[in-house]
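Welcome! Have a look at the sequence and the 3D view below, and then we will walk through them together, topic by topic.

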Amino acid sequence: MNKKKQHHLSYAKWGYIFILPFFLAFFIFSLIPLVDTVRYSFYEYYRSGIKEIGPTFIGLENYAELLKSDMVAYAGNTLILWVIGFIPQIVIALLLANWFTDVRLKIRGKQFFKIIIYLPNLIMASAFAMLFFALFSTNGPINSILMSIGLTDTPIDFMGTTFGTRSLIGLMNFLMWFGNTTIMLMAAIMGISPDIFEAAELDGCGSFRRFFSITLPLIRPILAYTLITSIIGGLQMFDVPQILTNGQGNPDRTSMTLIMFLNSHLKSRNYGMAGALSVYLFIVSGILCFFVYRMTNGGDDSAAKPRKHAKGGKKA
Amino acid sequence: MKSTKNKLGETILAYLVLIILSFLCLFFFYILIVNATRSHADLQKGFSWLPGNYFLENLKSVANDGSFPMFKGIINSLIVSSCSAALCTYFSALTAYGLYAYQFKLKKVAFTFIMAILVMPTQVTAMGFLRLMTNIGLYDSLLPLILPSVASPAVFYFMYSYLESSLPLSLVEAARIDGSGEFMTFNRIVLPIMKPAVAVQAIFTFVGSWNNYFVPALIIQSKDKMTVPILIATLRGADYMNFDMGKIYMMITVAIVPIIIVYLLLSKYIIAGITLGGVKE
Amino acid sequence: MKKRVVSLLMATAISASLLTACGGSGSGTANATGETGGDAAAAGGTEGAVVNIYSWNDEFRTRLEAVYPEVESTSDDGTVTKLKDGVEIHWIINPNQDGVYQQKLDEALLNQATAADDDKVDIFLSETDYVFKYTDADADVAMPLTDLGIDPDTDLADQYPFTRTTASDQNGVQRGSTWQCCPGLLVYRRDIAKDVFGTDDPAAVGEKVKDWDTLKATAAELKAKGYYTFASYADTFRLYGNSISEPWVTAGETTVKVDPQIMNWIKDSKEWLDAGYFDKTVKGQWNDDWNKSMSSSSKVFAFLLPAWGIDFTLNPNWDGETGAWGVTNPPQEYNWGGSYIHAATGTDNPQHVKDIILALTANKDNLIKISRDYLDFTNTVSGMQEAATDASFASDFLGGQNAYEYFAPVAENIQIAPLSSYDQGCVELIQNAFSDYFQGNVDYDRAKANFETAIKERYPDITEIQWAE
């Protein structure tokens with residue numbers, strides 16, 4: 001009887017209790033610092049030598065100043081670097097996740113491969129970039145291999161060209177993250193009831209169709225998640241290009257990413273400018289994610305109707 | 001017939017792709033380990049495919065260097081990373097469940113809010129974070145590296161998506177009828193269902209925290225609290241006399257071992273695919 | 001509570017007796033802090049119990065342990081050194097990487113006034129590239145040595161004058177001191193010298209490289225035989241950079257002035273690279289390609305290096321026979337490197353700081369010991385002159401040549417460039433921006449524009465960049 005009463009009392013308070021720690025931690029560790037950041041974006045506030053200049057209120061001057069700078073070009077660089085890393089990453093990850101979860105495909109040593117692909121993510125990005133830097137240097141081992149098998153006569157100056165540098169950064173991002181994405185997608189595909197696949201099999205559905213008509217739509221939430229986290233990761237791209245290009249985005253600042261730009265302001269302790277840039281970053285990533293979220297959820301606001309999704313998935 | 005043929009083609013293709021990728025992945029570990037077995041002088045001269053014979057030397061110099069307490073660093077990193085992973089996955093799952101399974105007034109607001117902060121780059125708040133931690137006396141302490149992981153919007157979102165696709169609310173209702181308390185339901189029923197998601201995110205959080213350099217470099221000051229990435233950076237910043245690339249590679253190698261172990265332990269869960277079948281019904 | 005009162009007392013005592021550091025109220029308060037005292041160093045002063053030293057590595061600690069007589073022992077992890085009088089030196093080491101060292105030091109110096117005595121910075125170190133940021137009179141974070149009771153004109157008379165200039169502020173007040181001095185030489189491959197010039201005699205080779213015009217003719221000779229003169233344009237930068245006539249930024253102004261010498265470096269570097277006098281595959285220093293250009297398979301004739309560069313960079317990279325290298329005079333005197341010791345304004349241990357600075361930078365015997373043990377070229381004119389004629393300083397790596405014979409005169413003739421607090425960024429960024437231009441990736445104007453963007457990013461107060469003709 002008691003229980004019934006409780007049920008009627010509604011469980012709403014539990015919702016609040018369960019989400020409380022998250023919001024508490026967020027307010028203390030992120031919101032207060034964030035407010036600080038936003039506040040300083042309206043100030044002239046930096047270090048000259050070890051002297052502190054400011055803070056002096058200057059309104060939107062930092063924002064205007066940034067629009068005049070090469071910020072847009074850096075945003076372009078970031079986008080390009082992200083795309084050349086992400087496209088192969090998502091394609092390969094989907095392919096692998098599909099293969100790994102396909103019970104009909106007999107691949108020996110599946111376990112082994114599954115474990116291997118995530119390994120590059122375990123190395124620190126900075127250490128990974130150090131290795132790449134050494135491998136692809138003009139007199140480095142990659143060049144000596146290429147020369148010894150006769151692919152080229154003179155050493156290739158990988159990091160001397162825009163194309164070379166960007167490709168290397170893309171390759172590193174791909175290698176570091178495709179395993180991560182694969183695992184995530186695998187977890188998603190494994191969440192799909194095997195009954196569905198069995199039913200599809202009975203209907204004579206081929207691998208290709210099965211993938212596009214069943215797997216893909218069903219893992220859409222996780223796919224959206226992957227896309228969004230990857231966009232955030234892309235926007236935050238820093239370690240790899242920073243180390244590979246000595247922090248200057250060489251050549252000709254064509255591999256300078258937004259966070260490298262932010263970092264150079266933080267390095268000069270330009271809180272005002274860094275704050276304004278952060279706000280821009282925040283807005284841009286917000287807009288991007290909004291679109292992705294909308295797109296992958298087909299305009300359906302899943303926050304409001306989570307039940308429907310879950311049930312739909314189960315019924316299908 | 002046709003289908004079998006296709007299968008064969010697909011299998012061959014799968015092997016090919018997997019072998020190439022595995023080669024690429026292992027290649028870097030090979031290079032790292034080869035470099036860890038060579039002396040600084042050898043490394044300076046350039047690259048070699050064959051291991052050197054400095055493995056023990058390098059290991060000894062990493063282990064015995066009192067001014068770079070590597071093993072203390074590994075312990076610190078272990079503490080920070082495991083606590084972060086545990087807190088992060090548990091509370092993200094809890095938050096996701098709270099927003100998924102309950103109906104309450106601020107539900108939509110809370111969800112939208114988390115989605116909005118999801119995109120916030122961490123670097124943005126770094127300076128304010130440092131100031132705050134200094135003011136509340138948490139500077140040079142491991143807590144600021146652990147506690148913020150309670151609020152991880154990205155992990156929350158993952159958990160939420162996972163719940164969406166794998167937790168039927170009827171299961172929760174059933175538990176209630178059986179007289180299970182709300183916390184109990186979460187701990188005993190929901191959490192086990194989420195095991196693969198928790199394992200995945202635990203690994204990612206652990207690795208992310210293990211390799212994090214940015215925040216610890218701001219917060220940590222004393223040697224006995226340094227985590228592995230700061231130690232490596234400190235070593236790289238050592239003066240030209242003590243600058244020893246062999247030692248640095250060895251340190252990176254040593255630093256990777258614990259995460260590989262944790263990874264192998266957790267990966268079992270993912271690979272076993274606990275949720276397949278049963279639990280759903 | 002009591003401790004706070006004591007701190008206050010001590011602060012007053014120190015400021016009242018800065019010159020002598022021997023306040024009358026001393027003995028009482030010293031006991032109150034629980035200092036064991038009694039030894040020479042602490043006897044007269046109101047010294048704190050902890051000397052905090054900020055540095056980016058343990059280089060200074062090892063030198064201090066080697067020659068400072070008051071040292072008793074250092075903890076295993078290298079963070080605490082106990083002195084015989086019970087005072088502890090706490091080493092606060094932060095990596096140079098990503099500017100972490102300067103960030104933390106700046107933070108500590110800004111809080112210096114309010115910090116508890118035992119947390120105050122007492123000594124900190126800086127490098128030539130950014131020494132002026134801290135010796136700047138307006139910043140006033142490094143104490144003038146005279147305030148410590150050191151008279152530079154008598155106590156530091158045996159130091160190389162340029163190191164004293166480097167450690168001085170814009171008014172000529174010396175605010176730091178170094179044990180190390182880094183004159184650079186031209187280090188050449190003997191086999192290549194024999195092949196091209198028919199001799200590897202340092203004097204004869206020195207004649208071939210005595211100034212830039214002669215060196216250019218020599219470079220053509222080397223080129224004809226298939227050799228590069230130097231590895232890259234970054235190798236020659238310090239020679240030009242050391243001889244600028246005006247600081248990068250004049251104190252009180254916000255304009256970066258690119259000196260005619262730097263323009264010459266740009267012009268010459270492009271010319272040399274196009275002519276094939278540099279190895280085009282080597283971009284800058286401290287990378288794999290540069291290291292490899294020091295090996296026996298390389299075609300690079302010479303490097304421009306100071307003492308530490310020969311022992312710790314060239315030597316480990318060389319894989320041929322020992323004795324294959326020789327040193328001679330560079331085309332132009334220059335200095336590369338050096339760590340300066342500063343007393344932080346507001347230190348509560350002025351007597352210890354004074355003692356340490358004197359023991360490490362003004363004691364000839366100590367300096368010679370450092371030269372022997374750590375191969376530093378040390379800051380004692382008479383000591384280094386003696387070393388130049390002392391056969392025990394001969395180096396096997398240089399084929400039995402005594403490098404001090406060449407270092408000493410270079411050190412005496414170095415004219416250090418006028419400094420500014422913007423040097424580190426200017427030096428780093430101009431090389432980076434023009435590297436693209438030398439390699440043919442961007443045109444001249446684009447390289448200039450890139451430098452302007454980068455420097456304004458690094459130093460937000462810079463408003464204008466003036467390029468010399």
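Is B:Phe55 buried, partly exposed or exposed? B:Phe55 is partly exposed, because 17 other C-beta atoms lie within 10 Å, while a residue needs 20 or more to count as buried. Please keep in mind that this is a predicted model.

**Two residues of chain B**

- B:Phe55 belongs to helix 3 (residues 55-64) of chain B.
- Not counting residues up to four places away in sequence, B:Phe55 touches B:Ala36 and B:Thr37.
- B:Val34 is 21 residues from B:Phe55 along the chain, and the C-alpha atoms of the two are separated by 8.8 Å.
- Once neighbours within four places in sequence are set aside, the contacts of B:Ile232 are B:Ile248, B:Met251, B:Ile252 and B:Ala255.
- B:Ile232 and B:Gly73 are 159 residues apart along the chain, yet 9.9 Å separates their C-alpha atoms.

**How confident is the model in chain B?**

- Chain B has a mean pLDDT of 81, and 88% of its residues reach 70 or more.
- Among the elements of chain B, the highest mean pLDDT (94) belongs to helix 7 (residues 143-146) of chain B, and the lowest (72) to helix 2 (residues 40-45) of chain B.
- Take care with residues 273-281 of chain B, where pLDDT stays under 50; the model has 16 contacts beyond four places in sequence for this stretch.

- Chain A is built with 15 helices and two strands.
- Of its 316 residues, 48% count as buried.
- If you take the contacts in chain A between residues at least 6 apart in sequence, 71% of them join residues at least 24 apart.
- Where chains A and B touch, chain A brings 85 residues and chain B brings 87 residues.
- On the side of chain A that touches chain B, helix 2 (residues 12-40) of chain A gives the most, with 17 residues.
- Sorted by class, that side of chain A has 58 nonpolar, 20 polar and seven charged residues.

**The nonpolar cores**

- The largest nonpolar core has 171 residues, and those with the most contacts inside it are A:Phe128, A:Leu185, B:Tyr97, B:Met159 and B:Met251.
- Helix 8 (residues 162-190) of chain A gives the most to this core, with 16 residues.
- Leaving out neighbours within four places in sequence, A:Leu185 is in contact with A:Ala93, A:Leu94, A:Ala97, A:Ile219, A:Ile222 and A:Thr226.
- Apart from this core lies another, of 127 residues, with C:Ile89, C:Ala139, C:Tyr160 and C:Tyr227 among them.

**The sheet of chain C**

- In chain C, six strands make an open sheet in the order 2-3-4-1-5-10, with mixed pairing.
- Which strands stand at the edges? They are strand 2 (71-74) and strand 10 (339-343) of chain C; each has a single partner strand, so one side of each is left without a neighbour in the sheet.
- From one strand to the next, the twist averages 25°.
- Helix 4 (residues 59-67) of chain C packs on the sheet, and its direction makes about 135° with that of strand 2 of chain C.
- Helix 17 (residues 350-361) of chain C lies across strand 1, strand 5 and strand 10 of chain C, at about 155° to strand 10 of chain C.

**A closer look at strand 3 of chain C**

- Strand 3 (residues 80-83) of chain C pairs with strand 2 of chain C in the antiparallel sense over three bridges, and C:Val71 stands opposite C:Leu83.
- These two strands form a hairpin with five residues between them, and C:Gly78 in the turn has a positive phi of about 75°.
- Strand 3 and strand 4 of chain C also pair in the antiparallel sense, over three bridges, with C:Lys82 opposite C:Glu88.
- Four residues lie between strand 3 and strand 4 of chain C in their hairpin, where C:Gly86 in the turn has a positive phi of about 95°.

Notes
Residues numbered from 1 in each chain as written. Chains lettered and ligands numbered in written order. Predicted model: local features only at pLDDT ≥ 70, side-chain atom pairs only at ≥ 80, totals over all residues. Contact = placed C-beta atoms within 7 Å. Buried ≥ 20, exposed ≤ 12 C-beta atoms within 10 Å, placed from the backbone. Nonpolar A, V, L, I, M, F, W, Y, C, P; charged D, E, K, R; others polar. Core = buried A, V, L, I, M, F, W, Y, C linked by C-beta atoms within 7 Å. pLDDT = per-residue confidence, 0-100. Pairing = 2+ DSSP bridges. Axes fitted to C-alpha atoms, helices over the stretch in contact; angles between N-to-C directions.
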